[in-house]
Amino acid sequence: MHPHCCNGSGKYKPVTHVIFDLDGTIIGKIIIQSFPYNMGTGFIIIADSESVYAKALQQTIEDYGCEFYPDFITKVQGSVEKQVGRIAIETFNLDTTLEEFIKLYNFHSNKYLGDLELMPGAERMITHLHNHNVPIAVASSTNREAFELKTNKYQQLFACFHHIVCGGTDPEVKNGKPAPDIFLIAASRFDNPPEPAKCLVFEDSKNGMLAAVAAGMQVVMLPEPQISYDIWKLATLRLDSFNYMLPEIFGLPPFSQEDTALVFADAKVTLTEPIQVLLDPEEKKESGKRVVLDESSLISNDQN
């Protein structure tokens with residue numbers, strides 16, 4: 001057994017409840033490729049939920065005659081639509097009202113939201129927790145109409161959740177991510193509401209991760225591979241997908257050993273003992289400040 005492993009004592013705290021972000025976590029993931037503006041286009045987008053919003057945001061801003069730049073997406077990722085609108089109007093000095101901006105933004109985004117795919121391992125993770133009676137919820141910055149469009153073909157899966165919080169239209173969510181409001185509200189709506197420290201959050205965005213940390217919750221971040229260490233360093237754990245999650249390190253029911261072995265066999269990660277994914281300092285590879293284990297399968301932000 002190696003000295004540093006994901007279920008080392010003191011690093012991860014047991015939880016009783018789990019809260020999932022939606023866009024980029026359960027459904028879709030943003031993929032942006034920047035180009036010099038003299039090459040014509042701002043970025044390449046694939047058809048998934050967060051990239052749909054990126055495309056809709058670009059189209060909305062360009063409808064007002066402004067030049068869009070890709071880095072703006074990172075600035076507003078995870079924010080509720082009113083925040084997105086306010087920041088966009090201020091950043092691009094748009095001659096419009098917030099109401100009109102949101103109306104146009106929703107017109108562009110809703111055209112694409114009905115045929116989105118689940119993120120790798122998301123269904124496995126959700127059904128596993130549900131089948132083991134772990135209370136789970138969704139805390140998304142999206143509005144209720146967009147949520148229904150995105151999840152319509154996954155109704156059976158989303159029936160696993162105890163409740164859904166849509167920050168874009170929920171009157172109790174006064175401040176969007178990175179404020180902690182949405183996660184604290186999500187926790188409060190469970191039966192026998194847990195303390196924040198007993199909640200684990202799955203997130204993909206910087207703002208979402210900061211919101212979970214501000215709420216006093218542990219957070220597993222599942223960002224794009226190119227997202228820098230400086231963005232995800234405050235997360236409790238960083239994973240490339242749900243397929244590499246070991247629930248037992250947070251005191252949650254484990255996957256079957258057979259199931260876990262199959263997943264990690266595909267990832268070329270060695271399990272020398274059941275449920276242990278190893279992080280030996282001598283085996284770590286450095287890419288800048290980003291520590292990668294066996295082909296970037298699982299990354300732990302060990303702050304000890």
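Predicted model: local features only at pLDDT ≥ 70, side-chain atom pairs only at ≥ 80, totals over all residues.
Local features are taken where pLDDT is at least 70 and side-chain atom pairs at pLDDT 80 or more, while totals for chains, interfaces and linings use all residues. Residues are numbered from 1 along each chain as its sequence is written, and side-chain values use heavy atoms, leaving out hydrogens and water.

Buried means under 20% relative accessible area with a 1.4 Å probe, protein chains only. On one side sit C199, V201 and E203, on the other L200 and F202. In a regular strand, side chains alternate between the two faces of the sheet.

The strand has these pairings (at least two DSSP bridges between two strands):

| Partner of β4 | Sense | Bridges | Bridge partners |
|---|---|---|---|
| β1 (residues 17–20) | parallel | 4 | I19 and V201 |
| β5 (residues 218–221) | parallel | 4 | E203 and M221 |

From β4 the chain passes through helix α9 (residues 206–214) to β5 in a right-handed β-α-β crossover (clockwise from the first strand over the helix to the second, with the strands pointing away from the viewer).

Now to α6 (residues 144–151), whose buried residues are A146, F147, K150 and T151. They line one face of the helix, because they fall within an arc of 115° seen down its axis, taken from the directions from the axis to the C-beta atoms. At the start of α6, a side-chain oxygen of N143 comes within 3.1 Å of the backbone nitrogen of E145.

Technical notes. Buried < 20%, exposed > 50% of the residue type's maximum accessible area, 1.4 Å probe, protein only. Helix = DSSP H or I, 4+ residues; strand = E, 2+ residues; numbered from the N terminus. Polar contact = N/O pair within 3.5 Å; in protein donor to acceptor, adjacent residues only side chain to side chain.
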